[in-house]
Amino acid sequence: MISLSYLPIARVICLLLIDDIRAFQFHPLQPSCVTTPRIRTNVAPLCSSLQNNLGAVGTTNIKYPTLRGSEVDSRKIVSEPLLALRVGHVLFASEELARQSLDKLTTAEWNFEQMASVLSNCAETRDEGGNIGWVNLAESFHSPESVDQKNPNQHLDMILPPSARQQLLATPTKPGDVVLVTSERGVHVVQVMDVMLDVRRLSFVKARNNSAKKQPLVYSNHMEVGGGKSNVIKGSKLAGVLGGALLDGNDDRTNVDLTYKIETMGCQMNSADSERIEGQLMSLGIRPLGEEEFVVSLEGNEEDGGKKKKREKRKPDDGAQVSAVSFESCIVTSNRTSLLPTTPFRYLGPYAKRKRAGEDVTIIVAGCVAQQEGQSLLRRIPEIDLVMGPQYANRISDLLEDVANGNQVVATEASHIMEDSTKPRRQSSTCAWVNVIYGCNERCTYCIVPTTRGVEQSRPVESILEEVKELVDRGYKEVTLLGQNIDAYGRDMIPKRKFSDLLRTVGAVPGLERLRFVTSHPRYMSLGVVDAVAETPTACEYFHVPFQSGSNEILKAMGRGHTREKFLSIVHRIRQRLPDAAITADVIVGFPGETEQDFLDTLSLMEEVKFDNVNTAAYSPRPNTPAATWDNQLSEEVKQDRLQRINEMNLQHATERRARMLERVVEVLVEERNIKVPTQVMGRTRHGYIVYCDGDINELRGKLVNVEISKTQRYYLSGQIVSVENGLQ
C-alpha cells in the first residue's frame with residue numbers, strides 16, 4: 001500500500017490544469033506528430049494533412065485517430081503495455097446453454113454476477129459472482145516451464161485452465177467484452193472487467209537538469225499485479241516533497257502536512273475527473289485545504305512492534321500557502337480571445353515563481369489542454385513536472401512516482417480506461433456523477449473532443465452498477481450518468497449493448513431516487529431511450545440533446561450525421577411519451593458558410609420546440625479541426641449579432657417554460673444552501689429547474705421536499721415547502 005510518511009519539507013504544490021478544450025483557442029506553433037509502436041493506427045497521413053494547414057490548425061499532440069473513417073477500435077489503438085486482465089466467468093456444460101445465456105446477458109435480462117451465482121457449474125467462483133481475478137499476460141504457452149520460470153497464472157489452472165486462458169489472451173479484448181472459450185471443464189463465458197497497464201511505460205520521462213540537487217529516498221515496495229501495492233520498482237529513488245507522500249515510512253523525519261485545492265471549470269466530465277484526481281491525492285495522504293489540519297508523526301520503536309502513525313489536531317496556519325492547487329480551466333468562461341499560453345501562465349505563474357525561488361514545488365497540468373499540447377508544455381513552461389491527459393486522471397499517483405524521482409513526465413499516450421483504484425472524492429453528498437462511456441468516435445468538423453478524449457470506451461455494466469449501489473449505500477439520492485456521446489454506450493463492446501437497457505438496469509437499483517444522463521447525440525439517440533425514461537420511475541423527465549443548427553446544409557457541413565427532421569422526430573417522441581418533460585440543447589451560430597437563411601432556420605427550430613434552455617455559442621476555430629481551415633469564416637460582427645438574437649429568443653422561451661410551474665406543487669431534492677440568502681435552501685425539480693425556499697440546510701440536505709411554487713423567474717423558481725418526504729412540514 002502506498003502510504004504517507006515523512007517529507008524533506010512540509011509542503012507540496014500541485015497545479016492541475018484541466019481545460020474544457022472545446023472552447024480552446026489555438027495558436028500558431030509547429031505540430032509535433034509522433035507515431036509509436038503502441039499505436040497501431042497509421043497517423044502519418046493525418047500529420048501530413050495537419051502540417052499542410054499549419055497556419056490555421058495550430059499545435060498537435062495527436063495520440064488518437066481523428067480523421068473520418070479512421071480506426072476507432074480501442075483494442076487496436078491500445079496494444080501495449082498491457083500487464084493483466086481482471087476477469088470473471090460462468091461455466092456451462094454445453095455451448096448451446098452458454099450462447100443462450102449470453103443472449104440474455106446482452107439484452108440486460110440478466111447481469112453477469114446473477115448469472116454466475118445461479119447458473120455457473122464452477123463451485124470455486126459461483127458464490128463470488130463468477131469473479132476469477134487478475135490473469136497475468138506474461139504467461140507463455142509455447143515453451144515448457146523451467147525451474148526458474150514459474151507460470152504466473154498457475155493458481156488459476158483449476159478454475160480457468162491453460163487452454164481457456166490461451167484462447168482468452170489470444171483474443172483482443174477491452175473492459176466490458178464477453179467471450180466464449182472452451183476447456184476440459186466445459187464452456188466458459190468470460191467477461192473482462194478491467195485491465196492493468198504499465199502506466200509509466202506509456203509515459204515520456206525526462207530527467208531534470210537539477211535533479212541531482214535533491215536527496216533521493218529509497219522506496220522498497222514491490223509491484224504486484226492486482227495486489228493493490230505500488231508499482232514502484234524495488235530500489236527506486238524518490239526525491240523531493242512527493243517522495244514523502246509516496247514512501248512507506250522508514251525515515252526519521254516527522255511532521256507531514258500536505259494540502260490541496262481544486263477549482264473546476266468546464267463540462268461535467270471535468271468535474272468527474274477532478275473527483276477522481278482528488279481521490280488519488282487523498283489516498284497519498286494529501287488533504288483538502290480548509291479541513292482541520294493534522295500533524296502526522298511516528299511513535300514507538302522497533303522493540304515494541306515498530307513505529308505507529310499518530311494524527312494530532314493542529315490549528316490552521318492562516319499565513320501558510322496551499323500545498324496543492326488543482327485548476328480545471330475553461331476558456332469559455334475566461335478570455336475568448338486569448339491564445340493557449342494565457343491560461344496556463346496566468347495560473348501557473350505564482351507557483352512557477354516559487355519553484356524558481358528554490359521551493360520544492362510540484363506543478364501538474366492535467367486534462368484536455370495537456371492531452372492537446374503534450375511535451376510542448378514542458379518547453380514553454382519548464383517548471384511543470386507532470387503533463388497528464390484525462391485518461392490518466394485515476395492513475396496520477398503512479399505518475400507522481402517518476403516525478404518524485406526528479407523527472408518531468410508527460411502521459412498522453414492512448415490508453416484503455418482503467419477502473420479507479422481509489423474512490424473519487426465527491427463534491428456533493430446528495431448528487432453524484434458516474435462515468436459510463438469515455439471518448440467520442442464522431443468527427444464533427446468543429447469539435448476537438450476526439451483528439452483530446454480519445455475513442456469511445458464503455459464501462460462494464462457491472463462496474464457501473466457497483467459504483468451506483470455504493471453511492472446509494474452512502475446516502476446519495478441522485479446519480480447522473482456521464483458520457484461525451486452517451487447514446488453510443490455499448491456499441492464498442494463485444495457483444496454490443498444498448499444504452500436504453502443500461503438506463504433500465506441502473507434505474508432499478510434499490511434506494512436510488514433520481515437518475516439523469518448527459519449528453520445525447522441525435523444521430524444515435526433511439527426512441528427506445530425515450531421509452532426507457534418514460535417507463536423507469538427513477539429516470540427524470542429531462543433530456544439534453546444538442547442540435548447545433550436548424551439548417552440541414554450547416555448540419556451536413558458540421559458532419560453531425562443527422563438532419564433537422566431527425567431531431568424533431570426525437571422531440572415529437574418525447575412530447576408524446578412525456579408531455580411535460582424538459583428539453584435542453586446546445587447550438588452554434590456563425591459556423592463557416594452559415595447564411596442568414598440558415599440562421600433563421602435555427603430560430604424557427606427553436607420556436608417550434610421551445611426549449612427549457614439552450615447553451616449558445618458563436619463559432620470559434622479549434623486546433624486540429626477541418627472547419628478551422630476553411631476560407632468561408634464569418635466576421636465577428638455577424639457572429640455576435642446572431643448570438644445576441646438567439647439569446648433573446650432563448651431567454652424568452654426559458655421564462656415561458658418556467659412560468660407554467662406557477663402554483664404547482666413540485667418535488668425538489670435539496671442540495672445546498674442558497675449562498676445569497678443563507679436562510680434558504682437550493683434544490684432541483686425532476687425537470688432540472690433550480691428552486692429556492694426557506695429552510696435549514698442542516699436538516700433538509702439530501703431530502704425530497706414538496707414545494708408550492710409562488711414565483712417564477714428566467715432561470716429559477718421559488719416557493720414554500722408543504723411537506724418533507726413522508727412527513728408534513
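Which residue of β25 is the bridge partner of Leu669? The views below, taken from a predicted model, lead to the reply. Local features need pLDDT of at least 70 and side-chain atom pairs 80 or more, while totals for chains, interfaces and linings use all residues. Residues are numbered from 1 along each chain as its sequence is written, and side-chain values use heavy atoms, without hydrogens or water.

**View 1. Strands β24 and β25 form an antiparallel pair.** The partner of Leu669 is Arg684 in β25. Strands here are DSSP runs of E, at least two residues long, numbered from the N terminus. Two strands pair if DSSP finds at least two bridges between them. A hairpin of 6 residues connects β24 to β25.

**View 2. Strand β25 is largely enclosed by the rest of the structure, because 4 of its 5 residues are buried.** The strand spans residues 680-684. Buried means under 20% relative accessible area (1.4 Å probe, protein chains only).

**View 3. β25 also runs antiparallel to β26.** Arg684 stands opposite Ile690 in β26. The hairpin between β25 and β26 has 5 residues. In its turn, Gly688 has a positive phi of about 90°.

**View 4. The largest cavity has a volume of about 80 Å³.** Of the 10 residues that line this cavity, Gln391, Ile417, Tyr438, Gly439 and Arg453 are the closest to its centre. A cavity is a set of points on a 1 Å grid over the protein atoms alone where a 1.4 Å probe fits but cannot get out; lining residues have an atom within 4 Å of a point. Volume is the space filled by probe spheres set on the points, which are joined across faces, edges and corners.

Note on methods:
On a 1 Å grid over the protein atoms alone, a cavity is a set of points where a 1.4 Å probe fits but cannot get out, and a pocket is an open set with protein on both sides within 12 Å along at least five of seven lines; lining residues have an atom within 4 Å of a point. Buried means under 20% relative accessible area, exposed over 50%, partly exposed in between (1.4 Å probe, protein chains only).
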